[in-house]
Structures are given as structure tokens and as C-alpha cells.
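Please read the points with the model open beside them.

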Amino acid sequence: KQNAAAQKQAEPAVLQPTPQPKDDFQEELVVRPLHSGDIYASFQFRTLWETDFMRGNKVSHYRLFPKSLGQVISKFSVRELHISFTQGYWRTMQWGQPYLPSPPGAELWVWFQDSVTDVDATWKELTNVLSGIFCASLNFIDSTNTVQPSASFKPLGIGNVTDHRFLRYATLPREIVCTENLTPWKKLLPCGSKAGLAVLLKSEKLFHSSFHSQAVHIRPVCQDWQCKTTSWELRQTLNVVFDLHNSGQGKREWSLFKMFSRTLTEACPLASSSKIYIDITDNPEQFELSPATSLLSQAMVLGDRRTFSVYDLTQQDTFGSVRSLNLLIRWKSTEGDMLRPLLHAERYVAGYGLQTGEIHTLMYNHHPYRSFPVLLLDSVPWYLRLYIHTLTVTSKGKDNKPSYIHYQPSKDRVRPHLLEMLVQLPPNSVTEVTVQFERALLKWTEYTPDPNHGFYVGSSVISSLVPSTVAMDTNSTRERPLFSSFFPCKEESSYFVRVYTEPLLVNLPTPDFSMPYNVICLTCTVVAVGYGSLYNLLTRSFQIEEPSPGLAKRIANVIRKMRGVPPL
Amino acid sequence: MGLLSDPNRRRALINLLTRLNAPICGMPVEWLVKTMQARGLEVYTQRFSRTLPFPDENKERYMVKGTNVYGILRAPRAPRTEALVLSAPCTPGDNNNQAVGLLLGLAQYFRNQIYWAKDIIFLVNDHDLIGMQAWLEGYHHTNTTGMDWSPLQGRGGSIQAALSLELSSDVVTSMDLVLEGLNGQLPNLDLANLFYAFCQKIGVLCTIQGKLQRNDWDSVSGYSHAVQTMMLMVMKQASGRPWGDHGLFLRYHIEAATIKGINSFRQYKTDATTIGRLLEGMYRKLNNLLERLHQSYFFYLMPSLSHFVSIGYYMPAFGLLAVILLLRALDLWVQLATPPPTTEDGIADIEQSSPGVLSVLTPLVISHLTGAALYMLPIRFQEMAVEHFPVSETEAVVLTAIAVYTAGLALPHNTHRLLSGEGTEQGWRVLKLVALLYLAVLLGCTALINFSLGFILALTLVPAAAFVTPHVPKVLSAFVLVILSPACTLLFSVFFFQELQEMPVSFLDGWLLYLSVISQGILDHFLYGSLVYPLIALLVYPCWLLFWNILFWK
């Protein structure tokens, strides 16, 4: 209804002297030197388009927004789409929180418009189309790995529909991400990889890293602060962490050239803003930056107040006299400790043998004095039969009763287990969630071609509002007016974090495929050739077939038969 | 493979090795943590403590407290689902310093490579097997032996394969592969093949059971050499104890082997770089595996490193032995089924046709109770024994075990006292039938799990079971039956094993060795969950007692 109202409001706007719907493109690179000596680079490309794909509004003229995605949005009535491809696991304890978390493998979650009648069929079709667009195995998403989380994945854009019947969530933990996924992703950018920050995205360097993640997020956002009309936002993000030992040859010194084997010479001409941010919060004790910039920017990122040096690529003087920008970050000392992430989680399979096992999920709250609730989402394939009565949640040796549990049991070969829990994590504690399972015996055609590799169980998702570290230092020494610092401001007091645990690799009881194969092949051959022909010989009676008599003879025989004379 | 072709790396390794020659073991935990961290690993420690049921006099330990240190090399762009383990035990004294040094050197080299697809865990375990047990239990969050350990902080997913490295001397002339694990489990044969292939490629002398392979198969001496090597493997497997740190991995379905550098006083010497290249090659091969090692043999005996005897060849030998029991049982069954010949008076012996359940059940129950006593009493009564006799705890346990065992021999008389009537001719037949079938099932199951143990037990128990009746000469038969009892089998095995190892011992030394083997067997059960001691005490010994009972049937 809101959309319809927005539509009516938007129509006169289209009749303005500039009938062209406004679109806008921004690009941005954030570089964060990590305490481990590694370096984290995060690209974000944002395309904003004031248009409406819905309600039969046929959009045919595309400028900055990629047409392939626009058509997907309108054909499948997508309200929100989030897809990520990740190779590697984000090491929260070494690297801190990422700007955009993603689980290893592929993750896809989509909110459909409430006008969609058959969500499952649309979802199936959508995954197949996306599979083609991103050159990935998303077509392996089916009902056995799709869930409808009730609380963990809320829409990130505007809109007030939160009926989780219109939400679909699936992960493919085994998906391997490589250049063939990067190329279609780069093609969605207005400048491609020809100009702007995207020239840095060379696959030979991006895949020579510790962590690589690329994502596409589409959501409706407000056009202005009154929010009368909506526009569509497409965010393409790419996160990469380069390793100190492998890529950096062990030297704590990074430059754009060392990271990407390219330097920057220009911004994307289509971009309205093109900036590089370097996180220099720990400067100058830790590292020096060249060329130096006077532009500084402060922002609240993940609950912490960070300072960034900003390089504006739309300004010519950024590139200096050599007309190329090669940022250099050099560590001075390796002292100093990283601020410990307040929330992190890990997961493993306990036990031995191929009959039963136990999944342990550990959630750490490192906050010294505040407890906070987290939402845990577990989606376990049907072939691990969870014994849900063995579910225990303990923290500090005591039973910790979840305040909300949503459990959907699995159906063999149809749908996975879905377990969502709201758990309160006590301060400075480890909360352990354990549940026992039994490994199912699959049918022999259900095994993958490499059954002895094991079967994957996707990451658990932990979503939470974590108290921010800024709110943590109550006795702030920062230069802040006293009147601003007594009551914690709500916006700054907590921030949203999503943490993914590692996926699991579980071995199922696997028959020795070599033996049955030999036996089946051999017996079939023996039966077919030996026994079959012998049986044939023994049971068939052989008769000499008379050549068929001519027509005259047959007529003669009929007459002879009528007369009672033996035939010829 | 360019391991240590870089002179800087080589110098670093040599520095490390020389520094390690200083007696640092007894686990310099902080130093190890710092060194591993400097090499770019994620380092974690695990504390554990264990009080042994009685003091281990071989290794001189009773209340064990230690710390395992392990560093995880995270594979780039891998989701922490698979891992490989390289471990080196760090024992007090400077026994294994070379191995720890090599492990750290390899960690440094491996860290700079980009081809890893699986996390590699470098583990330095304290107190060899106990530390390894604690680490594995912590990693898989199980507790089978009641050990105290602190939970692990970092993991690398499911472990695909593991190698344990032991370099006992500064001079290494050949590399020895140890395969026998807990309860006679063996790793996949492909792991042995991998080791052999790489030794051949690099040109390192490789041995199994400390014996070099010979090429003269057709000659008598070559053949007997191979048989000797295989018999050593049979004896080691039958003992059911882990013969290296790898032995404990096998329970978790992780293919593992121990590689030992040994000094066999040959001219040819192998330096640490060569061993490093060997390990690098093996790890790269294991790293490339998509699936776990499978579709190769898990049941095999090795007469040399390049040959193996598959289950299809050795199982019939055991099968033929077991068939004797079944035929004997069939014979008895037929005898029992045919009605007894009527005497000339025409009166059938009525008593004989109904032996009664009690006459069979009583010996069964009593012999099993004796077995249970043999299993429980030695540990329970050690304190009492120490108070009353001038012996140490270990001696108390072993001597109590022997005493209970011998006391069991007096059973037949006690059994009969419990029985109301006289034992009948039919009675011992039924009892023997039961005992024969019991033994056949017992040996069959044992041979499936641990062929060597089943075979050795069958060799001694089957003849005893076949011949024994109440009608054979008592004294001679009793002597033969005692000689063929499980305890004497163990005694002979000790001497035979020493003979095979070309280290013959005098009778007195052999006896002392025998006592220590018993204590080790009991310890293996309580520390690592070895099943040989309970198997012998609770099943094999009672079964043998049944035959003893038949011999003294009245």
C-alpha cells in the first residue's frame, strides 16, 4: 500500500522537464591495515536509480543500472536480493569484524514482494537465472537447502512486510569462487574494469590472498528524507585480505601496487564520487602513509570511532605530478594489540565413529560487563538427523534457557532442519550450544561423486546488536563536551553484527563403491552372457519353420480341409 | 620442491637445530608459543593432567601434568573444513629435539607457500601418548579415559591425515615407518605406499620394523628375512598397543603413521634437509587429496615396505584353525543327539540324557566371575597389597593379576563342590560344546578386529580345545593345558619377540620383561582404551577355564 502511494506520488515527478529517471554511481575503497600485518581492502560500488520496476511498469532504458539485474527484479518481483560468494573464512580473532560479513561458499537470501503467489516456484526459477548471471552453481539450491528464517534475516531496505513466507535463504558451503565468478560481477559495473577503482580488480592478485569475498546487494531505499518515493540501490562489494607472508614477502609494507599490481590513474568518469579511505586510527604510532593527505574523516564503524585519510580520485591533484596514485603504508613498529572483537563464534563436530556425533557451537561474548542477546540460526541438512531433545545451551557452566526457539524439523530428502534461537550471552563468557545427531545412510544414488570427501553443513549465522566499544569507555578521555556524554546515545550504544561460523565437513557412512560396482558389473555380465544364453538354449524348443505356402496352395488346403482330406 | 634450497632458510634451520641441542625439552611452552607465532601460525596451548591408575615404572610417571602446544597454519582461502597434522612428541630430556626443530623449520617454510588447501596443524605434544590422547580427546570433545584437559581454542575442521615424527638420535641413517596403532588398527595402506614412493624418489633408506628390504626373495635367507619382518608386525599388532603417537589417531578414522629416524650404524647418513624434503613431499601429496584415503587396504601384513599380504591371503589360515572348533562342535552335537546305546539289560541310562542346565551354567558363571576378578582386583587391591607386602604399586598390580590368574586354576574342585550331583558323561559334552562354540565366536570376532591377536590366540587355544576331555591322562594334559593358556602364550610371545628383534634375553630378564609387559597392557587399557586386557581377562581366560574345568570333570 505504501508502495502504491509512493507510486502515485512519483508519477508527477516523471512528468518534470527531466523525464530521465535520475541515477547515480559511487565507488569507494576502504583499506584497513590489520594488526597481524595483513591488509584488508574493501571495495564498494553503489548504483542508485530512481525508478520503479514493479506494477507492470516496463523499464527498458538502462543507463548505469545493469540491465540483467533490473530484468531479474521486475520478472521475479524481488523486493530485496543479497548474494555473496566467498572463498575463505573470515578470521575474526585476528582481523576484527569485517565491514560486510559473509559465509564461506555462496549465500543467497531474497525477499519477494507480497504479490508473489507461488514463492517456491519463483525462487527456483530465480536461482537458476542467477546461476547463469553469476556463473555459479546456484542451480543446486533446492528445497533441501532452502529455509525460511523467522527472525534472523530482516529486510535491510524500506518496507514493513516482515512475513517470512516471502523470504528464502540458502547457502552452498561447497561453492568454489574463482575468476569465472569475478568476471560477470565486474561486468555489472558501469565502467567495467576499464576505469576507476575497478582497474585494481585483477584476478591474479585477488585470488592470491587469504580471503576473498564478493557480493551483490539490491534493496529499495528512500529517495529523500521524507521517503515519499523509493529508489533501487545496487551495492556491489568486494572484500579481500592479503597475507603478510604470502603476498607481502614477510615485510610490513603495503602499497596499491603490491596489493593489486596496478596503480590508479583516474576515477570512473561515470562516478559522482570516487574515494579511497585508509583507516589511520592507530596512526602515527604504528605506520606511516605516503603520499600524505590532509583530508580526514571520522566515522562510527562497527561500534568504534575510526579516523580515515581520504583520497578523492575526482580531484586531479590527488594523483600528483606522476599522474598515478600508489598509496604506500609502512609499519613502524609491530607493537600494540588489536581491540578484541566483542562477539565471535566457532563450531565443530565432536565424537568419533560414523553413527552419531554432536555439533558444538561456541559463542564468545568478550564484553567485560554487558550481556547481550544473539540470534542463532542453524540450518542442517536432513541427512544429519538432529536429536533435538539433546539440545543444550550452557554458559559459565549453567543452563541458559533461550527466550525464543523456532525449530522446523527436517523431512528426508525434502527440507533441512531449521533452528533459530534467541540466547542471552552473559558478559565475558562462552556459551556452548550442543545438539547430537545421527548420520543417515543415503541411497546409493544420493552420494556425491566424491563421497569420501564428506558432506558439508553450512555456517551457523549469529546476528546480534552488540554494545559498541565507544559506549564501553564510560570514563572517556576524548575531547567531548560534558553535556553530550552522560546518557549513552542510542545510535552509538550498539551496532548490528552478523557472525558466521565455519562450515562443517561431516563424513557419512559410505559404502565401498569399488566393491559393489565390481560385483554388480561382473554379475550382470555373467548373468546376461552365461546364464541367459544357457537358459535360452535349455527352454527354447527348436522347430523347422516351413516356408510359407503360396496363395494357390493355401486355397487348395482350405478346400481340402472342408472336404476332410489331409492338406498338401 | 625447493625446500631449503634458499641458503637463508637453510641457515635459519641450522641455527634452530643447534639451539635445540641445548636441553630445552621438558616443554619450553613459552618459547614454543613465541617461536610458532613468529612463524605466522595461530598458536594455542592445551593443559592436561592425568593420574595413572598405578605408577608406570618404564617411563617413571604417575601424576602427569603437561601442556600441548600447537600452531595452525591457515590455508589461504580455505574454509577451515579440513586439516592435516604433523606432530612431534617432546619428551623430557633431549630425545626428540631434532624432530621439534625440524617441525618448526617446516612450519616456517610451509607458511610462505600458497598451495595449501587444508589447514596444517603443527603439534608438539607433551608426555608423548598421554599428551596426544589429551589433544585428540580435546579436539573431538570426547572423554573415553577420564582425563582432565582444558578445551581447545582453535580447530581446523576434520583431520584428514597425520604424521608423527620421532628422531631419536642426531645421526639418522634410515627412516622407519611405524603403522601399528591402538587395538591393532592400521592406517590405509596408501599412506605406507606414499612414504615408500617418496623415500625411493629422494633416495632415503626406508625400513619397516627396523628391517631393510631385501631383493633376494627367492633365496631362503631372503624369505626368512621377510617372514621375520612380518612376524614382528604380527607380534606388534597383536599387542594392541599404539607403537607410536599416530596410534591414537586411528580411533577417529584419521590415517596416521609415525616416521622414526633411526641410527642403524650404516655409512649412509641422512641430514635434516632430506627428511624435511620427504615430509614436504608427503604433505603436498596429502594436501592434494580430494577425498580421504580410501579404496585401499586397511587389513594387511607387511613382509617388506613394498609388499603386503592382503586379508584375502591370511584370513583362510585363520579360517582353517577356526573350522577345527566347528567340526569338533558338530561331532559333539551329533554324539549328543544320537540316543545312548541301550545296555544289554535293556535299561537306558536315564540320568545321562538330562545333564541339567545347572551343570553347564555353574562353570560358565564361576569362570566369568574369576575373569571379572582378574579384571578388577589388581587395580582395586594395589593399596592393600602395598601395605601388607614389601612391593611397589606396579609390582602389586602385576603380582595380584598373576595370583588371581593362578587361583582360577583351583576352580574345578570348587565348582564341583557347588554342584549337587556327580558330573555326567553328557554333562561335560554339553559344556564342551558350549565352550567350543564360545571360543569359535570369540576368536572369530577378535580376528576380524585384530587379526594377529586372534591368530596367536587360535594357535594356542584351538589345540587345547580340540583335545581336552576328562578321559585323557590328567597330569600330562594339565601341563599341556597350562602351557597353552593365555598367560603362557604371552610369556612365549615376549621371548619370541625379543628373538625376532635379534635381542635375545636370559630367562630372568625375560621374566622381568614379562611382568612389565603385563603392567603396560593394563596401563594401555586405562590410559588409551586398549581392549586387549579386558578381552583376555573377561572373555579369553574364562573360556580357557571352561576347558580346564572339562579336564577335571568328575
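**Notes on the two chains**

1. Start with one salt bridge. B:Arg111 pairs with A:Asp243, and their closest N and O atoms are 3.1 Å apart. A salt bridge here is a side-chain nitrogen of Lys or Arg within 4 Å of a carboxyl oxygen of Asp or Glu. Across the interface of chain A and chain B, the rule finds two salt bridges.

2. Some ground rules. This is a predicted model, in which local features need pLDDT of at least 70 and side-chain atom pairs count only at pLDDT 80 or more, while totals for chains, interfaces and linings use all residues. Residues are numbered from 1 along each chain as its sequence is written, chains are lettered from A and ligands numbered from 1 in the order in which they are written, and side-chain values use heavy atoms, with hydrogens and water left out.

3. How much area do chain A and chain B bury between them? The figure is about 2900 Å², with 50% of it on carbon and sulfur atoms. Buried area is the accessible area (1.4 Å probe) that two parts lose on being put together, summed over both. In chain A, the residues losing the most area to chain B are A:His245, A:Tyr352 and A:Asn452, together 21% of what that side buries.

4. The contact (heavy atoms within 4.5 Å) takes 38 residues from chain A and 33 residues from chain B.

5. Now strand 4 of chain A, residues 105-112. Eight of its eight residues are buried, so the strand is largely enclosed by the rest of the structure. Buried means under 20% relative accessible area, exposed over 50%, partly exposed in between (1.4 Å probe, protein chains only). Strands are DSSP runs of E, at least two residues, numbered from the N terminus.

6. Which strands pair with strand 4 of chain A? Two strands pair if DSSP finds at least two bridges between them. Strand 3 (residues 78-87) of chain A pairs with strand 4 in the antiparallel sense over eight bridges. Strand 6 (residues 167-172) of chain A also pairs with strand 4 in the antiparallel sense, over six bridges. A:Val110 of strand 4 stands opposite A:Leu81, and A:Val110 also stands opposite A:Arg168 in strand 6.

7. Chain B holds an open sheet of 10 strands, in the order 5-1-2-4-3-6-10-7-8-9, with mixed pairing. Strand 5 (148-149) and strand 9 (211-212) of chain B stand at the edges, each with a single partner strand, so one side of each is left without a neighbour in the sheet.

Technical notes
Helix = DSSP H or I, 4+ residues; strand = E, 2+ residues; numbered from the N terminus.
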